[in-house]
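Student: Please take a close look at the aromatic cluster in this model. I would also like to hear about charges over rings and about the cavity.

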Amino acid sequence: MKRTAVAASIAALLLPLSACGGSAEAGSGSTVTVTIGYQSRTINTVTAGTLLRSLGSFEKQLNSLHDGHTYKVDWQDYATGAPITAQMTAGKVDIGSMGDFPLLLNAARGKQLGRPTRLVSVTGYNLRGGLNTVVTAPGSKLTSLQDLKGKKVSTSVGSAADGTLVRALQRAGIDPDKGISKLNQQPAVGASALSSGGVDALSQFVAWPGLLAYQGKAKALYDGAQLNLPTFHGVTAREDFAKQHPAVLEAFLKAQAAATDYLNAHPVAAAEKVAKATGLPAEVVYLYNGARGIATFDPAVKPQLVSALKQDVSVLKAAKLTGDINVDSFVDDQYVKKALGPSYAGRLTATPAPAASEVWPKGSEKTVSFKSAKELLIYVGGHQGGIRAAYVADATTGTLWFADKAVWVADGNQLLPFVTPATAQAYIAAHGGARTVSYREALERAS
């Protein structure tokens, strides 16, 4: 496209700030750099980040465009969504993935700075909210959210985990601003603070709660699924980038769909790939991303998730992190609809697989599923030393957890797992004769 000399000079000056927009218009044969902001260790974004990168799906899609350009993908890894938003509004990141609350801040910041962004697809979601968890130290005497009153709690303000904490405290009758001493910390800092005794509890998103529990450094205090409100991560793109380079965005979304299909078809292999790329234990990755994991992966922008996003606005406004946000104008699924074609309608109405117990045997590339937690216990008891990981679903919320970290309840012949003491006690209160038992006793009872 012809330009005046002045316009060309301006374009040249803006090139370093425009990861794809400036270079894509340089003419046939030019090299186009597409910059992707992702969070490698926030593992329910892997289909738009870690796994996608590992599979090389995006690069393959770009190479198939045959539009005269040579494409280069610049993957930039971040710990949270906030710096991705900062880079996007500076024109330095074209496409990013982050959680629902950061997505709203992304929308607000983009509009404020005249660099609007759009939510174009979804990565991992949980319709009850189980992706966020409040944990406390293994030896802590805290057993319920009410016990947090007056305590020090670490979280990342403006994150999905902070949103869960605020809502949970409100339901417990605790003022989220005055009822606790909240420390705004990066996930890794908060995890260290919990281990050192610097804080009493930690509210974080995946994979931190599961990782700390797996390592024996924390135990679950509050299961985000108790809120019964959807939480999710999604993909956001700069509006100007999407309009100028729809084919590139479509290529990304096709690649995301391919990565999603790979994860769903090969959950163990996908967990191993993500583990290798992030350094996280594969057993922790599988807890969230497995066949019956806490997260369900699908690019479709489901109405339930958009509705939840609208409800999230009030939480951010109350925290004075943002003003009004027009969610309907932020959500734009036209690109993913085009990318997925006829399959989009089916994906939009698809429901998550029901919760189930699973065992990952050592040396196996597949897991074994069970209809009940008791059947899993029988299997584990008969294969001592041959189990890589065992997962059970909370009997009331459906949230998957490690079998040896769960709170077990014996109710007659039933053996029921729960993520937290609070959900276990709620069940016991409603079922006379039920009582908590240790994991060892649960195994013995099942045998």
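Tutor: Start with Tyr391. Its relative accessibility is 0%, so Tyr391 counts as buried; the term means under 20% relative accessible area, with over 50% exposed and partly exposed in between (1.4 Å probe, protein chains only). Tyr286 is buried too, with a relative accessible area of 0%.

Some ground rules. This is a predicted model in which local features need pLDDT of at least 70 and side-chain atom pairs count only at pLDDT 80 or more, while totals for chains, interfaces and linings use all residues. Residues are numbered from 1 along each chain as its sequence is written, and side-chain values use heavy atoms, leaving out hydrogens and water.

Now the rings. A search of the whole structure gives ten aromatic pairs. Rings of Phe, Tyr and Trp (its six-membered ring) pair if their centres lie within 6.5 Å; planes under 30 degrees apart are stacked, over 60 edge-to-face, the rest tilted. The ring centres of Tyr286 and Tyr391 are 5.5 Å apart and the planes stand at 40°, so this pair is tilted. Tyr286 belongs to helix H12 (residues 282-289) and Tyr391 to strand E14 (residues 387-393), so the pair ties together parts 105 residues apart in sequence. Helices (H or I, at least four residues) and strands (E, at least two) are DSSP runs, numbered from the N terminus.

Trp401 and Phe402 form a tilted pair, 6.4 Å centre to centre with 55° between the planes. Trp401 is buried at 2% relative accessible area, and Phe402 is buried at 3%. Ring pairs link Tyr214, Tyr286, Trp360, Tyr391, Trp401 and Phe402 into a cluster.

Arg388 lies over the face of Trp360, 4.1 Å from the ring centre. The rule asks for NZ of Lys or CZ of Arg within 6 Å of the ring centre and within 35 degrees of the ring normal. The charged end of Arg41 sits over the ring of Trp208, at 5.7 Å from its centre.

Last, the cavity. On a 1 Å grid over the protein atoms alone, a cavity is a set of points where a 1.4 Å probe fits but cannot get out; lining residues have an atom within 4 Å of a point. The largest cavity is lined by 13 residues, with Thr164, Arg167, Leu229, Pro230 and Thr231 nearest its centre. Helix H5 (100-112) and helix H6 (160-171) each supply at least two lining residues. H6 gives the most, with four.

Note on methods: 1 Å grid on protein atoms, 1.4 Å probe; cavity = no way out; pocket = protein on both sides within 12 Å on 5 of 7 lines; lining within 4 Å.
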